[in-house]
Amino acid sequence: MGANASQLEKEIGLEQFPANEHFFGFVNFGNTCYCNSVLQALYFCRPFREKVLHYKQQVKSQKKETLLTCLADLFHSVATQKKKVGALSPKKFITKLRKENEHFDNYMQQDAHECLNYLLNTVADILTAEKKGTQEPENNGVHTKPDPTWVHEIFQGTLTNETRCLNCESVSSKDEDFLDLSVDVLQNTSITHCLRVFSSTETLCTEHKYYCEVCCSKQEAQKRMRVKKLPQILALHLKRFKYMEHLNRYIKVSHRVVFPLELRLFNTSDDAFNPERLYDLVAVVVHCGSGPNRGHYISIVKSHGFWLLFDDDVVDIIDASQIEEFYGVPSDLQKNSTETGYIFFYQSRE
């Protein structure tokens, strides 16, 4: 049952919140809950919200409409409402999203993780292009890597892929950046364990031997992926949709995975920049239902010590103990009616 403004005010005392903190659901335009849930989660990632609102102030006179200007208009609309609670229409943003990417240009249920990826990468590309437009031409034809945008400053971390030759013990490593981490789902486990498995050691042997530059030959080796740079906001994605060849379709993996309210990463590299970083859970995109193309997305967010649930245009207050309902199920017997955490946003405690 959704709560209206007076109910929420009675339950949590909205006067406790700062003047610019508002709780507005988003209208669904035909299976757009995948987008609404991601937008809500990002709005309550405070560093991201602040950058988007600051961008809105910077480009007041900009005439060209982009996905970022539409996002900034939407966030600004939420932040400047006179009421504390209500519902808004994200129609301009949805229309722009569908126009920019044909994958979303329909009324089918889409994947919230794909939406998040597209949104963050597109915003970063827009910021990079705008920055290039104001820069002087590069000298002597020398091309340098573009400076990171505020999207990268907030969400980008670095993985290091380490390979150790078992013959000469030499170690080679290759770094790669990420805006979110996707990890496999294991039964009756936790986010921390899933991350440990993500970074577990794999032995390369038989036909999969590693060519060692030091030995100048193929050798048995061990490799593992670890986190070298921890982002300000860690976006974690559980691979809950698995393709089954014999069924010729994706199924949902509804395994129970506990996600803590506080998180510390233990799968960091020896030369990690900030291995002691401690994270607090600020938002979760939840998938409800039995498959990727069937079901529904909602989001739960934390604001000033309270947890709220956003189900499209409906806003509810929930108790922290209710978060356990979104862990998943101990066995697949109940998989047809599961509400499971899908994308998690952990903000570093500075």
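**Exercise 1. How are helices α4 and α5 oriented to each other, and why?**

Solution. The two helices are roughly antiparallel to each other, a label for angles over 145 degrees between N-to-C directions. Let's go step by step.

- This is a predicted model, in which local features need pLDDT of at least 70 and side-chain atom pairs count only at pLDDT 80 or more, while totals for chains, interfaces and linings use all residues. Residues are numbered from 1 along each chain, and side-chain values use heavy atoms, leaving out hydrogens and water.
- Two packed helices are described by the angle between their axes and the distance between the axes.
- The axes of α4 (residues 67-79) and α5 (residues 91-100) cross at roughly 165 degrees and come within 9 Å.
- In α4, Leu 67, Cys 70, Leu 71 and Asp 73 meet Lys 92, Phe 93, Lys 96 and Leu 97 of α5, where contact means heavy atoms within 4.5 Å.
- These contact residues comprise five nonpolar, no polar and three charged.

**Exercise 2. Which way do the residues of strand β1 point?**

Solution. Start with a general idea: in a regular strand the side chains alternate between the two faces of the sheet.

- In β1 (residues 23-26), Phe 23 and Gly 25 point one way, and Phe 24 and Phe 26 the other way.
- All are buried, that is, under 20% relative accessible area with a 1.4 Å probe, protein chains only.
- Next, find the neighbour: β1 runs parallel to strand β2 (residues 85-88), joined by four bridges; strands pair if DSSP finds at least two bridges.
- Phe 24 has Gly 86 in β2 as its bridge partner.

Notes. Axes are lines fitted to C-alpha atoms, for helices over the stretch in contact, and angles run from 0 to 180 degrees between N-to-C directions. Angles under 35 degrees count as roughly parallel, over 145 as roughly antiparallel, 65 to 115 as roughly perpendicular and the rest as oblique. Ala, Val, Leu, Ile, Met, Phe, Trp, Tyr, Cys and Pro count as nonpolar, Asp, Glu, Lys and Arg as charged, and the others, Gly among them, as polar. Buried means under 20% relative accessible area, exposed over 50%, partly exposed in between (1.4 Å probe, protein chains only).
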